Amino acid sequence: MTELVGLADVRAARELLADVVRTTPLEPCRPLSAALGGPTWLKCENLQRAGSYKVRGAYVRISRLSEAERADGVVAASAGNHAQGVALAAGLVGTHATVFMPVNAPLPKVAATKGYGAQIELVGNTVDESLVAAQSFADRTGATLIHPFDHRDVIAGQGTVALEILEQCPEVRTIITGVGGGGLVSGMAVAAKALRPDVRIIGVQAAGAAAFPPSLVAGEPVRLPSFGTIADGIAVGRPGELTFTHVRKLVDEIVTVSEEDISRALLMLLERGKQVVEPAGAVGVAALLAGVVEVQAPVVAVLSGGNIDPLLMLRVIEHGLAAAGRYLRVTVRCSDRPGQLASLLGEIAEHRANVVDVEHQRANPHLRLGEVEVALSVETRGVEHSDTLISALRASGYQVVFAGEA
């Protein structure tokens with residue numbers, strides 16, 4: 001039977017990290033507090049060194065290597081956050097790092113990892129495939145593999161997040177965080193359950209990359225046949241052996257959220273919380289906003305990382321606006337006569353909606369002779385405003401069709 005990491009391990013890790021990591025702030029979140037009916041806080045690991053909690057576990061693991069092991073260097077596999085944590089930790093300890101990343105890894109994460117001094121190898125389409133390449137490199141060169149989650153030192157390092165939460169919010173009753181391979185939620189559960197057994201620990205996975213639910217049903221780690229999500233930081237196809245044991249014994253619940261839920265959470269955090277968070281770092285908030293889990297306040301949601309590609313942020317913001325009913329894409333069919341487009345746009349303006357773009361189409365074979373199709377992207381103030389606008393257009397005789405229905 002696998003021995004669990006203990007509270008003493010987490011406390012020892014905290015001593016190692018004393019002059020290395022920041023004690024990240026715990027910020028109140030008024031929108032979530034109002035929605036949940038009790039105090040809700042954000043643990044801002046997106047403001048940690050290298051932009052995520054990952055440096056905690058990486059430094060603990062690397063700092064405990066022998067001189068001979070440091071001389072041979074370290075190797076890791078990551079979509080970005082573990083990569084940056086390993087690169088930073090390796091530089092602090094005085095060893096060199098090689099990091100295998102998926103070929104589609106976000107460019108800012110690749111650039112940041114290089115900036116910390118690591119050598120980058122782009123291999124595979126997923127972290128799982130990159131991890132196979134990293135293990136092969138370790139076998140060939142003697143470099144030490146720094147696993148992204150399935151190692152006692154890594155779990156102990158990540159558990160220091162919970163020690164900070166319990167000091168910053170002693171009355172906390174629920175802690176919720178994103179889950180990929182399970183290192184963070186395992187370490188946090190070790191610390192929290194040892195000091196406050198009554199605190200509920202809830203893990204959240206993206207529905208498109210949720211390996212823990214079927215694994216818990218099977219009683220052992222199960223590999224997903226395929227997976228994909230915008231939350232690249234938690235896109236892991238199989239739980240670790242060690243983390244699975246911790247989650248099964250210590251974590252109270254694992255839930256999933258949709259891509260729309262994640263987009264909506266990112267938008268809320270940016271707009272209302274003034275927090276730049278990557279998709280993987282926002283899934284805990286997404287679960288709270290979507291109401292997929294029942295919680296007892298005070299609640300702490302961990303924002304586990306803030307390393308988001310600006311291009312992805314643009315797409316996510318647009319998607320989040322659409323999910324929140326504030327970005328409307330519709331097609332309007334109307335008669336093809338002079339001034340008709342101006343009349344249509346004028347009516348939209350009367351309802352104080354903002355047209356982002358317009359595409360005027362006459363050549364669609366599904367259109368009747370003398371009919372034109374106008375595809376519109378419109379900014380609104382929310383679902384109610386969108387519904388009012390659509391009703392008004394239909395009342396004026398326009399045929400309104402949503403994108404995908406035409």
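**Entry 1: the parallel sheet**

I looked up the strand order here and found an open sheet of 4 strands, running β5-β4-β3-β6 with parallel pairing. I'm keeping in mind that this is a predicted model. The edges are β5 (119-122) and β6 (144-145); each has a single partner strand, so one side of each is left without a neighbour in the sheet.

Next I checked the pairing of β3 (residues 74-77) with β4 (residues 97-101), and I get 4 bridges in the parallel sense. Which residue of β4 is the bridge partner of alanine 76? I find valine 99.

**Entry 2: the antiparallel sheet**

There is also an open sheet of 4 strands in the order β12-β13-β11-β14, and its pairing is antiparallel. I noted β12 (354-361) and β14 (399-402) as the edge strands, each pairing on one side only. From one strand to the next, the twist averages 25°.

I then zoomed in on β12 and β13 (residues 371-379), which are joined in the antiparallel sense by 7 bridges. Asparagine 354 has glutamate 379 of β13 standing opposite.

What lies across this sheet? I see helix α15 (residues 340-350) across β11 (327-335), β12 and β13. The helix runs at about 25° to β13.

Is β2 (residues 40-44) largely enclosed or open? I count it as largely enclosed by the rest of the structure, because 4 of its 5 residues are buried.

I went through its pairings. With β1 (residues 26-28), β2 pairs in the antiparallel sense over 3 bridges. Proline 28 has tryptophan 41 in β2 as its bridge partner. With β10 (residues 299-303), β2 runs parallel, and 5 bridges join the two.

**Entry 3: α3 against α8**

The crossing of α3 past α8 is right-handed.

Which residues make the contact? From α3 I list Lys54, Arg56, Gly57, Val60 and Arg61. From α8 I list Asp153, Val154, Gly157, Gln158, Thr160, Val161 and Glu164. By class, the contact of α3 with α8 has 3 nonpolar, 4 polar and 5 charged residues.

**Entry 4: α1 against α9**

Another helix pair: α1 (residues 7-17) and α9 (residues 183-195) cross at roughly 115°, and their axes come within 9 Å. That makes α1 and α9 roughly perpendicular to each other. I noted a left-handed crossing for α1 past α9.

On the α1 side I find Leu7, Val10 and Arg11, which meet Gly187, Val190, Ala191, Ala194 and Leu195 of α9. How many residues of each class are in the contact of α1 with α9? I get 6 nonpolar, 1 polar and 1 charged.

**Entry 5: loop residues**

Most residues other than glycine have a negative phi, and most peptide bonds are trans.

Alanine 50 goes against that, with phi near 65°, a positive value in a residue other than glycine. It sits in the loop between β2 and α3. Alanine 50 counts as buried, because its relative accessibility is 10% and the cut-off is under 20%.

Arginine 352 also has a positive phi, near 55°. I located arginine 352 in the loop between α15 and β12. Buried or exposed? At 67% relative accessibility, arginine 352 counts as exposed.

Where is the cis peptide bond? I find it from alanine 297 to proline 298, with omega near 0°. Proline 298 lies in the loop between α13 (283-290) and β10.

Last stop was aspartate 232, in the loop between α10 (212-218) and α11 (241-250). Aspartate 232 is buried, with a relative accessible area of 17%. Leaving out residues up to four places away in sequence, I have aspartate 232 touching Ala79, Pro106 and Lys109.

Key: Residues are numbered from 1 along each chain as its sequence is written. This is a predicted model: local features need pLDDT of at least 70, side-chain atom pairs count only at pLDDT 80 or more; totals for chains, interfaces and linings use all residues. Side-chain values use heavy atoms; hydrogens and water are left out. Two strands pair if DSSP finds at least two bridges between them. A crossing is left-handed if the near helix is turned anticlockwise from the far one by less than a right angle, and right-handed if clockwise. Contact means heavy atoms within 4.5 Å. Ala, Val, Leu, Ile, Met, Phe, Trp, Tyr, Cys and Pro count as nonpolar, Asp, Glu, Lys and Arg as charged, and the others, Gly among them, as polar. Buried means under 20% relative accessible area, exposed over 50%, partly exposed in between (1.4 Å probe, protein chains only). Axes are lines fitted to C-alpha atoms, for helices over the stretch in contact, and angles run from 0 to 180 degrees between N-to-C directions. Angles under 35 degrees count as roughly parallel, over 145 as roughly antiparallel, 65 to 115 as roughly perpendicular and the rest as oblique.
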